[in-house]
Amino acid sequence: MRFPRIVSELLANKKFVTGISVFLAVLIIGAVGPLLYPVDPEDMSFPSSMPPCPEHPLGTDYVGRDVLAQLLRGILSSLYVGFLAGVVALAIGVLVGAVAAMRGGVVDEGLMAFTNAVLLMPTTLVLILIAALFKTRSIELVALLIGITSWPWLARVVRGEFLSLKERDFVYMSLLAGDRWLSISLFDLLPNMATYIAMSFAELVAGAILQEAGISFIGLGPTEGVTLGRIFFWIQTNNAVIRGLWWWWLPTTVVIVAIAASLVLVSISLDEVFNPRLRGG
Amino acid sequence: MELPEPLLRVENLSKVFVVGLFTRRRIDAVKGVSFTIGRREIVSLVGESGSGKTTTAKIILRLEKPTSGRVLFEGRDVWRDLRSREDILWYRRSVQGVMQDPYGAFNPFYRVDRVFKQMFKLLPKDMDDEERWGLVEKALIEVGLNPRYVLGKYPHELSGGERQRVMIARALLVEPKLLIADEPVSMLDATLRSGILKLLMKLRDERGLSILFITHDMGLAYYVSDRILVMYRGELVEEGHPDELIESPRHPYTKRLISDIPLLYRKWSDI
Amino acid sequence: MPPLLKLDDVYAQYITRYGTVYAVNGVSLEIGEGEILGIVGESGCGKSTLARVMMMNVKPPLHLVRGRVLLQGVELNRLPRDRLKREVWGKQVSLVPQSVMNALNPTMRVRDIIRDFVKVHNPELDDDEVYSMARDRFEELGLDIRALDLYPFELSGGMRQRVAIAIATLLNPKLLIADEPTSALDVSTQKVVLKLLKRLWNEGIVKSIVFITHDIAVVRQIATRIAVMYAGKIVEVGPLEEVIFKPLHPYTELLISSILTPEPEVKKRGLVEIRGAPPDLRTPPRGCPFAERCPYATDRCRREEPRPVVIGSRLIYCHLRGGGAA
């Protein structure tokens, strides 16, 4: 399929357009917002628990920080966590799946046994245990931890796809032209899984953002910087919901739901656009 | 002068597949198959689906490893004697293949040109790109295609017959000595088939190409080949000159096969 | 005697938002009682669509745009779908499709598939009556009755095809339409299936058969008459051996000379190559559909659609045979 046609088919899909617009909107807000609204999110010198007002469009939190500044900074950090964790999981998943499928035999059996072991681990629990081992945790460390626990299902699917694709005639034709397995994997097999990989990446990013929020919520997230997860942690420890500080918890919730939902929507739309006619050319 | 050694010698070739995760089952896809292919010869390997003919082809093409037995090309064991990358490339230059499915043989992601570009590493190193594309155009013209029409197109923009011709042109680019054609026309309509078959015969006559023509269709084998091998459940059951084989088959399987083939000039008496 | 089935100037098209495929373009055809009509053509010539039109199994995106389909004088194209289901399909006309695996419900045993099938038409029968009917028919046709207790996937390809045929003819339909029923089978199984069809016809279980295939050597073995289709049109119809050995339409001639059966006559005749490919039915050509590839084509062939010409017991659509003269 040629590129212009791919774009036009995607743009004709309502789910894709909705998903990508929401995601890009959040991304732009996160990227440009802090520049346009240069308030220090860690500055606690404002009055506590102030409802929205002209100086603080989203009010302040319980300890006197500007909520909008926090949210703006949190969006970018959370997307960063998601992206980083997504890349890590994608890299491990594709590598493990591809190597298992291509090498076969003992390598395959060993890698799959390992993958299944990781898959069967109660991931969140393990994540909590590992996180608890570190006194201070950078955003990157948390992203890395999420990444290295969330790849197994991807590895299994990639392996399956590779196994079926490597029996395709065009792979044999590449072998007959003297191509080696590495170049066949990169240029014959991976491009044919491109939509699947894009879908998985969107889901991994969404999952990682939610997972960061989850472990931060119980206080085991990053110990520095502002992420959406950390905002939730403060919301929870300061009983913001009970205290009626809606300007604090409501926008944060809306933003995180918007990010996750938009990514899932993008993933679903990719499936809809490409899968029914994957073979049709 | 004819060399004493045939171009290709297959000796006692066997392939066992082990399938199933818990109940490991052995499937004998190929059982002790031996035959030779001489120079300037079209040899057909005829069998129904599951007879092991495609597995045999893949082993000869070095796409599937045999469980036991040998494949000797110009006296070299292609599974044991080809060690270096140079050896492998030599074999790829000497033996090429055309697959059954003219749709699946192309990666839908790329333009048709890619299948030729991939072959460039098999061409002499001192050749520049202009000369290489010149060869591509020559090969396309030889198989009856217009290079300007074909190059730059995506596979789905070509018909099945055109794609199969592109596949043959691709194989011819390196001037192989042996072409393994696995059901090259079975997915094409009768009127598109004839052109491809004629082309294969022309290549034998004009270039001295040897061809292993793999098919389930005895009619095609009878028409194009110098010799026919019949395969049944992994074994080679009969070998012979086409006319002899059709007129007086010896093996019970061949006998039944030939009596069950619907013919044009003779009507079954037992229906 | 009126024909069993009559197609009168039928046009059928697949209409989608991406465009229209003109699959059947003005086909008129009669199927008499007691004949086996072979319809031959290459892939995409509209022969499978024609099979659907013959039993009026026409639902979007396929539309019958023009023409009539008459079964013993009754206009099927005027009957609503539920009446066709209850009164016509299976009882008057039955179809054996190309891929039987999709037609037989994989989660049901053969006897339960049969029970459901029969009860659509004869709800008054109880299960035991249906089973004994099925057993009798299987025995009559020489099929192993143990197949009744199996699931479709437990049957071999050939057996599955024979079971499908036995089910389709259980209620003695007058007309059986078989759409490439043997093209997925190896030659020996193919012969067994062809024998079964012939037996159904010999014993009068079905009156007539329409056998659709791309393989002329196969129809040669069982048909009494043959119709050759090209690009959504019939180009020649006539008695089997006349058409095969003395084709009058250039396409029939070329199609037959491209057949390779293992016979000395074929080798002697040589291989004739047809240039080009069939037209795209999204944009069917004006005039004769074969003109573009025909070695004898004239300007008139490209301009004007040929009319049918009767020569002896044959019907030919070709200007060379006088198809232009009104």
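## Strand E3 of chain C

Ile36(C), Gly38(C) and Val40(C) point to one side of E3(C), Leu37(C) and Ile39(C) point to the other, and all are buried. This is a feature of a predicted model. Strand E3 of chain C covers residues 36-40, and five of its five residues are buried, so the strand is largely enclosed by the rest of the structure. A residue counts as buried here when 20 or more other C-beta atoms lie within 10 Å of its own.

## Partners of E3

Which strands pair with E3(C)? One is strand E8 of chain C, residues 208-213, joined to E3(C) in the parallel sense over five bridges. Another is strand E9 of chain C, residues 225-230, which also runs parallel to E3(C), with four bridges between them.

Ile39(C) has a residue opposite in each of these strands: Ile212(C) in E8(C) and Ala227(C) in E9(C).

## Arg68 in strand E4

Arg68(C) belongs to strand E4 of chain C, which spans residues 62-71.

Apart from neighbours within four places in sequence, the contacts of Arg68(C) are Asp8(C), Glu75(C) and Asn77(C). Arg115(C) is 47 residues from Arg68(C) along the chain, and the C-alpha atoms of these two arginines are separated by 33 Å.

How values were computed: Residues are numbered from 1 along each chain as its sequence is written. Chains are lettered from A and ligands numbered from 1 in the order in which they are written. This is a predicted model: local features need pLDDT of at least 70, side-chain atom pairs count only at pLDDT 80 or more; totals for chains, interfaces and linings use all residues. Helices (H or I, at least four residues) and strands (E, at least two) are DSSP runs, numbered from the N terminus. Two residues are in contact if their C-beta atoms, placed from the backbone, lie within 7 Å. A residue is buried if 20 or more other C-beta atoms lie within 10 Å of its own, exposed if 12 or fewer, and partly exposed in between; C-beta atoms are placed from the backbone. Two strands pair if DSSP finds at least two bridges between them.
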